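Student: I would like to learn how to read strands, helices and domains from a model. Could you take me through one?

Tutor: Gladly; here it is.

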Amino acid sequence: MEQKPDPEERVRRIIHVDMDAFYASVEQRDNPELRGKPVAVGFPGPRGVLTTASYEARVFGVRSAMPSVTAARQCPGLIFVKPRFDAYRAVSAQIHAIFEEYTDLIEPLSLDEAYLDVTDNKQRIPIATEVATLIRARIKDVTGLNASAGISYCKFLAKMASDLNKPNGQAVITPKNGPAFVEGLAVKKFHGIGPATSEKMKQLGILTGADLKAKSLAYLQEHFGKSGAWYYNISRGIDDRPVRPDRVRKSVGAEDTFMTDIFDLDAARSEISPLVDKVWRHCEAKDLHGRSVILKVKYADFQIITRSRTAAAPFGSTGEIVATVHALLDPLFPTAKGIRLLGITMSSFGDETASGPTDQLQFEL
């Protein structure tokens, strides 16, 4: 049965703040010689992958997660800059402090974006668009960086709105306009619908939000399992998820792309411990105790496979995780195809009754 809004329920005011080309903008701010030039944060060479790119580079089609060789070919004057995550975390802390001037209901998604519930904000400003404007101005004043924002009555639409007037802009989607906005949107642009799901929807004749809305709940659950209810609701502009300051991470991962393909089991095993150590350090710092480990393997032909194992109790040491990953890795050898990337992800940190897109923190070595 379709949910209907309760006329007695107060409309929430949700802001999604998203920094513009965050890592690249920090680099351009700190190095005047990079300003106005196409900048890519990442490592050059045949195995490099971009973390992000400046807007000067994006006009050439350069984007996040693009192989460095492809980016350099599309933008011959592209300047590669090594990531400085300590600097990005420091700026992120400044931005978070600004959020706290307006609300305590802050749900970070990454270093450069967060949801804020400003329904009852500390400044007692009744109009959320005004709050968003003030926050963006404070970020610019304190950090010298530009932020974009989306304002709406729910998280899904606030996230979608923040992309409408990028860079350095903001947009609002009202309760009155929300359902129509979703109906006219291509499903491939929905937050939380990736390429694989988008392609599956295309095969089912679902190209727009209106197409998605036309499908029954039973139909969507038949084809998309537990995500079916989520798709059913967002196609109607319904997202009741609260902004959760105490949000529990769904997973923590690390991966490494190698300079040369790996064919030997011992060589692959030697790459596991550094990945596990990185994930373990972050989990310890956040007091996260996971029961599941996922091994990701990307072959030279870019085929990706995953193998996972879930224990009855949380892993107690890096040694336990390494041994588990080895048990997942070993059956993949011998291999005729070289391995270009290995990744490790920890999950099952607690009760995970997720609704909507999952939250994953991913590192790249």
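Tutor: Let's begin with strand β6, where Glu113, Tyr115 and Asp117 point one way, Ala114 and Leu116 point the other way, and all are buried. Buried means under 20% relative accessible area, with exposed over 50% and partly exposed in between (1.4 Å probe, protein chains only). Strands (E, at least two residues) and helices (H or I, at least four) are DSSP runs, numbered from the N terminus.

Student: What should I know about the model and its numbering?

Tutor: This is a predicted model, in which local features need pLDDT of at least 70 and side-chain atom pairs count only at pLDDT 80 or more, while totals for chains, interfaces and linings use all residues. Residues are numbered from 1 along each chain as its sequence is written, and side-chain values use heavy atoms, leaving out hydrogens and water.

Student: How do I read the two directions in a strand?

Tutor: In a regular strand the side chains alternate between the two faces of the sheet. Here β6 covers residues 113-117, and five of its five residues are buried.

Student: Which strands pair with β6?

Tutor: Two strands pair if DSSP finds at least two bridges between them. Strand β1 (residues 14-19) is antiparallel to β6 over five bridges, and β5 (residues 106-110) is antiparallel to β6 over four bridges. Ala114 is the bridge partner of Val17, and Pro108 also stands opposite Ala114. Between β5 and β6 runs a hairpin of two residues.

Student: And how do I read a helix?

Tutor: An α-helix has 3.6 residues a turn, so residues three or four places apart point the same way. Take α13 (residues 318-329): its twelve residues reach 16 Å from first C-alpha to last, close to the 16 Å expected at 1.5 Å a residue. That expected span is 1.5 Å times one less than the number of residues. The buried residues of α13 include Ile321, Val322, Val325 and Leu329.

Student: What do the buried residues of α13 pack against?

Tutor: They pack against α12 (265-285), β10 (292-299), β11 (304-310) and β12 (339-347), where contact means heavy atoms within 4.5 Å.

Student: How is the chain divided into domains?

Tutor: Domain bounds come from an automatic or database domain assignment. The chain has domain 1 (14-19 + 86-172), domain 2 (25-83), domain 3 (186-235) and domain 4 (251-349). The centres of domain 1 and domain 4, taken over C-alpha atoms, are 35 Å apart.
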